[in-house]
Structures are given as C-alpha cells and as structure tokens.
Amino acid sequence: MKDEVKTLLLIISLSFGLTILVLSLVNLQSMIFPLISLAVSDSINPCTFVIYTMFLIALSLKEGISKRKIYEIGMAFVVAIYISYYILGIGLVVFTKSIPTWIAGVVSLIFGFYTFFTGYFEKSRVAGKKNIRKSIFRQEATLFGAFALGVMVSFTLLPCSAGSYLIYAILISKIGRTLTWILLGLYNLIFVLPLLIILFTVGSIAESKSLSQKIVRRSRELSMIAGFVLMLLGVYVLFLY
C-alpha cells in the first residue's frame, strides 16, 4: 500500500477512535457521525495539503536547519492554525446560536455538491495562492515567523473549510457552553492531525515533503469523497438527527 494511502487511513482511524472515545465519555453518541464526517473531510482537505506542501518545501530549502528545529517550527505552524481555527469556531458558534439545526442539513447538501464538483473539475479553492506562496517562502525559519504564518494561513483556508465548520457550529451551538468548547477542541485536533502525522512520523523533511505532495496529487479524489460524505451528512441531519 502506498505511503499516502497508509497516512490517510491512519488519520481516519485515529480520528474515528478519538471521536468515539470523547463523545462516549460526555454521552453525546448522536454527534459521532456528524463530527467524524465533518472533521475528517476537513482534515483531508486538499487545500490544507497544498499550503502545507509549500511550507515543507520552503523549510527544506533553508540551509543548515536541524531536524529538531524543523519539528519546532512545524509545531509552531500547526499550533497557530489550531488556535486561530478554534477562535474562529467560537465566533461561528456565537453567530449560529439562533439558527435552526435543519439549516445545517441544507448547508451540508449545498457545500457537499460544491466540494464534489470543484474536485471533479479540479478547481482550486485556495484564496490568493500566489500571495500565500510569496509569504511562505519569504518567511524566516523562526518560531515566531512560523506561528505568524500559521495564523495568516488559517484565514486563507476559510473558502475551503468554511462550509464544514459552519455546519459543525450550527450543530454544537445548541449543546451547552462547556460541551461546545470541548467539541470545538476535538474538531480542531482532528483538523490538524494530518499535519502532525506528516511532521512526526516521516523520517526526514524530504520524505515529509514528498508524502504531502503525493496526497496533493490525489486532491481530485479527496474532494469528491469529502463532497459525497457531506451530502450524506446533509441527508442524515435533515431526516435522522
């Protein structure tokens, strides 16, 4: 089995196990399918891998950078994305508090169709890709630089993942404040899981870059799968949730 397929299966398996464990502990089994379908489809989003591949390529071009430094800089980048996305999630939860749950089903169907067909026709959903590339390759290999880059990248990923995140926010905004914070944390942990796996389980920066590039080359299939899953979720929310 090819490395990129193994990695994707590992991401899905860990996400599935983590979701079941946490939701069982807080007695929210009804959220298992929505959380898994939304967070996993978002975490294997080709847009994320496109930007992460740029980041890894930029890191690999830095001279004299140690493996430990790569891990530190990579973690700063991932942590920045996690924190930024979490804060954005809080805003979405507040915004969607009064929106009926059935709206999430409708949005899921619409966004699912959009994701499926943009994948089928291989249309990029990364906003301002050229500007992102310039920023990534211009950025110094420092913890602060990587963190700042992660914050900026979080907003450029919104056109790709705003639909999934909006659906999720509508569903969890009715659950209660404490559980909402927990479920936001779990979603975002699953969202950054692929980046952590690529960073820490591959032997070198060159191999990490190669693996990320291989996953990007499967972007058409990944988008179509994610779109199909979102359409299934839309039907689930409208008729079974």
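**A loop residue and a helix pair**

Asn 27 sits in the loop that runs between helix H1 (3-25) and helix H2 (32-43). Keep in mind that this is a predicted model. The backbone of Asn 27 has a positive phi of about 60°, even though the residue is not a glycine. Asn 27 is also exposed, because its relative accessible area of 61% is over the 50% cut-off.

Now for the helix pair. Two packed helices are described by the angle between their axes and the distance between the axes. Here, helix H4 (residues 67-95) packs against helix H7 (residues 143-156) at an angle of about 35°, and their axes are 7 Å apart. The crossing of H4 and H7 is right-handed. On the H4 side, the residues making the contact include Glu 72, Ile 73, Ala 76, Phe 77, Val 79 and Ala 80. H7 brings in, among others, Leu 143, Ala 146, Phe 147, Leu 149 and Gly 150. Sorted by type, the residues of the contact of H4 with H7 come out as 16 nonpolar, three polar and one charged.

Let's zoom in on Val 79, which belongs to helix H4 and takes part in the contact with H7. Val 79 is partly exposed, since its relative accessible area is 33%, which falls between the 20% and 50% cut-offs. Across in H7, Ala 146 is also one of the contact residues. Val 79 and Ala 146 are 67 residues apart in sequence, and their C-alpha atoms are 9.6 Å apart in space.

Key
Residues numbered from 1 in each chain as written. Predicted model: local features only at pLDDT ≥ 70, side-chain atom pairs only at ≥ 80, totals over all residues. Heavy atoms only, no water. Axes fitted to C-alpha atoms, helices over the stretch in contact; angles between N-to-C directions. Helix = DSSP H or I, 4+ residues; strand = E, 2+ residues; numbered from the N terminus. Left-handed = near helix turned anticlockwise from the far one by under 90°. Contact = heavy atoms within 4.5 Å. Nonpolar A, V, L, I, M, F, W, Y, C, P; charged D, E, K, R; others polar. Buried < 20%, exposed > 50% of the residue type's maximum accessible area, 1.4 Å probe, protein only.
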